[in-house]
Amino acid sequence: MIGYLGIDVGSVSTNLVFFDDCGVIRKSIYLRTRGKPIDTVQKGLKELGANLPSGTKVRGVGTTGSGRHLTGVIVGADAVKNEITAHAVASSLLVPGVQSILEIGGQDSKIIILRNGVVSDFAMNTVCAAGTGSFLDQQAGRLGIPIEKFGELALQARSPVRIAGRCAVFAESDMIHKQQMGCSLPDILAGLCDALVRNYLNNVGKGKEILAPVVFQGGVAANAGMVRAFEKALDLKVQVPSYFDVMGAVGAALLAREAVARKGASSFKGFEVADMDYQTGSFECSGCPNLCEVVEVSENDRVIARWGDRCSKWSNAVGAKIS
Amino acid sequence: MRVTFPHMGSLYIPLTALLQTLGVEVVVPPPSSKRTLTLGSKYGPEFACLPLKLNLGNFIEASELGADTVVMAGGCGPCRFGYYAQIEQAILKDLGYELQFIVLEPPERHISELLTKIRHIAGRSSWWQIVQAIRFGYRKALAVDEIERSALFSRPREKVPGSTDDALRRALEMIRNAATPGELPAAREYALALMDEVAVDINRPVLKVGVVGEIYTLLEPFANLYLERHLGKLGVEVDRSIYLSGWVNEHLFYGLARGIGSGKKAREASSPYLRHFVGGHGQETIGEAVLYARRGYDGIIQVFPFTCMPEIVAESILPDISKDYGTHSLTLIMDENTGEAGMVTRLEAFTDLLARKKETKEAL
């Protein structure tokens with residue numbers, strides 16, 4: 001089997017996807033990053049390698065997410081792209097004709113508007129993380145319910161209570177207050193979903209024209225309560241694609257296919273990178289008053305990449321010797 | 001008297017020249033850094049905008065180097081910057097820094113108010129010497145602008161990554177080192193030649209983006225997280241809606257040097273979107289965006305410090321301009337966060353969008 005590999009290293013989760021030549025997704029892996037991007041990517045690669053038939057050829061690899069640059073040098077990526085482009089590319093393939101993408105992940109949320117298959121507008125949450133996966137996770141933990149049950153419970157609500165959604169701190173104190181008053185748990189959860197959707201549409205959506213087909217993706221799309229809250233607020237059908245939680249990785253793999261078609265061969269280093277030794281560190285350059293924090297990545301004690309220097313003195317010197 | 005002033009991009013180059021020509025001892029604050037920001041946000045009011053915090057940090061660091069007098073620009077309409085000099089002075093006094101403030105601002109009643117302040121800075125220099133010093137500073141500002149424009153052109157086209165910034169640093173140093181008006185023309189020639197030496201690929205396709213917004217965040221690279229450099233690396237040729245000489249002309253000469261500042265043109269272009277003054281440069285931001293859109297720029301980026309009211313007004317109008325002219329806009333809000341990854345992600349996505357659109361347009 002031959003195919004393409006996509007890796008999305010986000011703040012909360014790391015996802016790997018392998019799809020074959022015909023565009024069929026053969027394997028997808030969802031792991032928690034837990035602040036250790038390199039270890040997690042290595043673990044994912046090991047698992048993926050073991051699950052694919054022997055003799056599988058990786059023709060290209062793409063990375064995305066906030067850890068895309070780091071992962072890119074480690075695996076030898078052919079395409080290193082931001083999550084917005086990756087998500088848009090993946091949705092266009094899996095949901096032909098999609099015009100609006102709602103994406104809520106662990107630490108960020110975005111909206112992508114497509115017209116005629118091309119991104120025409122996008123926005124990402126700026127200074128506020130209210131309404132992202134982490135907050136839902138935290139609230140589920142506080143209420144003692146597993147996050148997987150959150151949506152199911154919210155759907156049982158008979159009359160959702162009103163929760164302030166503008167700020168996570170306001171939302172939490174409002175929730176506690178309503179709990180103490182004796183409102184039922186499902187009603188509170190459904191109220192929270194409504195509040196988060198309201199916040200998303202105001203804070204991220206900001207009046208953009210949301211037209212059908214609408215796709216909802218990212219980890220939070222697993223929450224049926226959020227899906228229903230979106231449908232109610234938009235008065236539109238909201239689709240959740242089957243690979244909603246690994247869409248970034250799917251997009252990265254697709255972008256890798258494009259990149260390899262352009263440049264010919266892949267730079268993928270093979271599944272062996274799972275067993276190699278990687279070290280990262282940083283130092284402050286004292287070459288000028290900028291005092292840049294330079295990050296260095298080494299593979300088996302050899303420096304393979306540097307970044308963070310504004311003047312490119314260190315990043316350009318990888319492979320060469322700096323006096 | 002040992003004079004210092006706030007940093008704003010390369011402003012220190014013309015300002016140092018002006019003051020030194022008048023025989024004033026100058027203390028240039030260390031370039032704005034994380035330490036400047038830390039000091040400023042520690043002592044500044046939480047809800048003030050980024051420029052106040054960086055100004056404050058600059059003054060503290062300059063005072064550590066022996067400065068005893070601050071020269072800064074003052075009010076321009078109902079934007080908070082108008083009273084920053086007073087606030088900063090009060091904060092520094094509470095902290096025990098002995099700094100005298102000379103605030104240059106539009107005279108309330110008569111031009112003599114401004115002239116008295118200039119007289120105070122200039123000491124015993126004659127008015128003729130003062131005019132010569134201002135001319136020298138202004139010519140340095142023009143030279144700095146020429147060099148920076150050249151960098152904006154070559155950065156997206158450079159063959160060796162980083163070569164533009166390397167040349168830029170050395171070229172600006174040359175302008176800075178020109179000690180007399182007589183030395184300046186040669187230094188300028190040499191600096192521009194240095195910029196021309198950057199190897200560029202003239203056929204490389206580049207995107208054109210106009211950057212508009214609040215002046216301080218536009219001109220100070222530390223405050224905008226080196227926006228121009230990031231865009232250049234992504235293959236974008238940037239044009240800024242305001243350059244140093246334009247700012248000096250509008251704010252210190254009150255538009256006396258004709259044909260440089262574009263404030264008036266921008267205000268005219270802002271109609272019908274925004275016909276009123278909304279404080280700060282909100283109206284100019286709208287006007288400049290319209291001018292870029294008319295000139296066929298691929299995209300517009302607005303930058304401003306968090307909580308900047310005039311720019312918030314402008315931000316809400318930009319989508320209408322984008323729609324009417326078929327262009328795209330992106331707003332970046334600057335505050336204390338120095339992590340550049342989030343901004344780079346947005347810039348990358350924005351340039352992807354512009355590039356794809358350009359491809360489809362050209363394919364038709």
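Visitor: What separation is found between the C-alpha centres of domain 1 of chain A and domain 2 of chain A?

Guide: In this predicted model, those two centres lie 28 Å apart, and the division behind them gives domain 1 as 2-88 + 248-275, domain 2 as 96-240 and domain 3 as 278-316.

Visitor: How many residues of each domain take part in the contact between domain 1 of chain A and domain 2 of chain A?

Guide: Domain 1 of chain A contributes seven residues and domain 2 of chain A contributes 14. The area buried between them is about 830 Å², with 68% of it coming from carbon and sulfur atoms. On the side of domain 1, A:Ile84, A:His87 and A:Ala88 lose the most area to domain 2, together 64% of what that side buries.

Visitor: Why is the pair A:Arg32 and A:Asp137 called a salt bridge?

Guide: The closest N and O atoms of A:Arg32 and A:Asp137 are 3.5 Å apart, and the rule asks for a side-chain nitrogen of Lys or Arg within 4 Å of a carboxyl oxygen of Asp or Glu, so the pair qualifies. Across the interface of domain 1 and domain 2 of chain A, the rule finds one salt bridge.

Visitor: Which residues meet where α5(A) and α8(A) come into contact?

Guide: From α5(A) there are A:Gly151, A:Ala154 and A:Leu155, which meet A:Ala224, A:Gly225 and A:Arg228 of α8(A). Sorted by class, this contact holds three nonpolar, two polar and one charged residues, where Gly is counted as polar.

Visitor: In chain B, what area is buried between domain 2 and domain 3?

Guide: The assignment for chain B gives domain 1 (2-125), domain 2 (141-204) and domain 3 (205-364), and the C-alpha centres of domain 2 and domain 3 lie 23 Å apart. Their contact takes 14 residues from domain 2 and 15 residues from domain 3, and it buries about 1,300 Å², of which carbon and sulfur atoms give 61%.

Methods. Residues are numbered from 1 along each chain as its sequence is written. Chains are lettered from A and ligands numbered from 1 in the order in which they are written. This is a predicted model: local features need pLDDT of at least 70, side-chain atom pairs count only at pLDDT 80 or more; totals for chains, interfaces and linings use all residues. Side-chain values use heavy atoms; hydrogens and water are left out. Contact means heavy atoms within 4.5 Å. Helices (H or I, at least four residues) and strands (E, at least two) are DSSP runs, numbered from the N terminus. Domain bounds come from an automatic or database domain assignment. Buried area is the accessible area (1.4 Å probe) that two parts lose on being put together, summed over both.
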